[in-house]
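Please read them with the coordinates open.

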Amino acid sequence: MLRPSLLFPLQKDAYARLGELKRSDMPQVFVKRVVDDPDVPTGKLEFVKPRTLKPTQSDLNQAKVDRIARDWDSAGRTPVLISRNNWILDGHHRVAAAIKKGKLVRVIRIDLPGRKALNAIS
């Protein structure tokens, strides 16, 4: 069982593990707001292989993935937010589209582990 300090407070099912969160329980995140927040330790823009990233949510909308893949030149410019240990915090659909297209993905890394990073951006 997870220690209470590791639980994501906004989540309805407090004991779900990273990778099992429902899309509806994920926080709505605005990348610019997170990057501009002095209380969230972010790094510089990086490019990574999408298969090295770990999903925090359990479901994707395939139509949205397909739409992003078709419009990759535009949609692929928005960075994906990831934790220090490569958990995807925001941008699951962009990561899936990058895999589909065989592209690297732009990321901004938050210098916190998965759950703490989710809490910081919520």
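1. A term is needed at the outset: a nonpolar patch here joins side chains of Val, Leu, Ile, Met, Phe, Trp or Tyr that lie within 5 Å, taken from residues with over 30% relative accessible area and no salt bridge. In this model, which is predicted, L45, F47 and L104 make up such a patch on the surface, and together they have about 300 Å² of accessible area. One of these residues, F47, belongs to strand β1, which covers residues 42-48.

2. Before going further, the confidence deserves attention. The mean pLDDT of the protein is 76, and 66% of the residues score at least 70. Confidence is highest in helix α2 (residues 62-70), with a mean of 95, and lowest in helix α1 (residues 31-36), with a mean of 63. Over residues 1-16 the pLDDT stays under 50, and for this stretch the model has 25 contacts beyond four places in sequence.

3. How are the strands arranged? There are four of them in an open sheet, with the order β1-β4-β2-β3 and mixed pairing. Strands β1 and β3 (88-90) are at the edges, each pairing on one side only. On average, neighbouring strands of this sheet are turned by 40° against each other, with direction ignored.

4. Strand β2 (residues 80-83) pairs with β3 in the antiparallel sense, over two bridges, and I82 has I88 in β3 as its bridge partner. The loop between β2 and β3 holds N86, a residue that is not a glycine and yet has a positive phi of about 70°. As a general point, most residues other than glycine have a negative phi, and I would therefore look at this residue in the coordinates.

5. Two helices can be described against the sheet. Helix α4 (residues 92-101) packs on it and touches β2, β3 and β4 (105-110), with a direction that makes about 120° with that of β3. Helix α5 (residues 114-121) also lies across β2, β3 and β4, but it runs at about 10° to β3.

6. Four salt bridges are found when the whole structure is searched. One of them is formed by K100 and D66, whose closest N and O atoms are 2.5 Å apart. Because K100 is in helix α4 and D66 in helix α2, this pair ties together parts that are 34 residues apart in sequence. In general, side chains of opposite charge can pair when their charged atoms come close.

Conventions
Residues are numbered from 1 along each chain as its sequence is written. This is a predicted model: local features need pLDDT of at least 70, side-chain atom pairs count only at pLDDT 80 or more; totals for chains, interfaces and linings use all residues. Side-chain values use heavy atoms; hydrogens and water are left out. Patches are made of residues with over 30% relative accessible area and no salt bridge: like charges are joined within 9 Å, nonpolar side chains (Val, Leu, Ile, Met, Phe, Trp, Tyr) within 5 Å. Accessible areas come from the Shrake-Rupley method with a 1.4 Å probe; for residues, only the protein chains shown count as cover. A salt bridge is a side-chain nitrogen of Lys or Arg within 4 Å of a carboxyl oxygen of Asp or Glu. Helices (H or I, at least four residues) and strands (E, at least two) are DSSP runs, numbered from the N terminus. Two strands pair if DSSP finds at least two bridges between them. Axes are lines fitted to C-alpha atoms, for helices over the stretch in contact, and angles run from 0 to 180 degrees between N-to-C directions. Contact means heavy atoms within 4.5 Å. pLDDT is the predictor's confidence in each residue, from 0 to 100.
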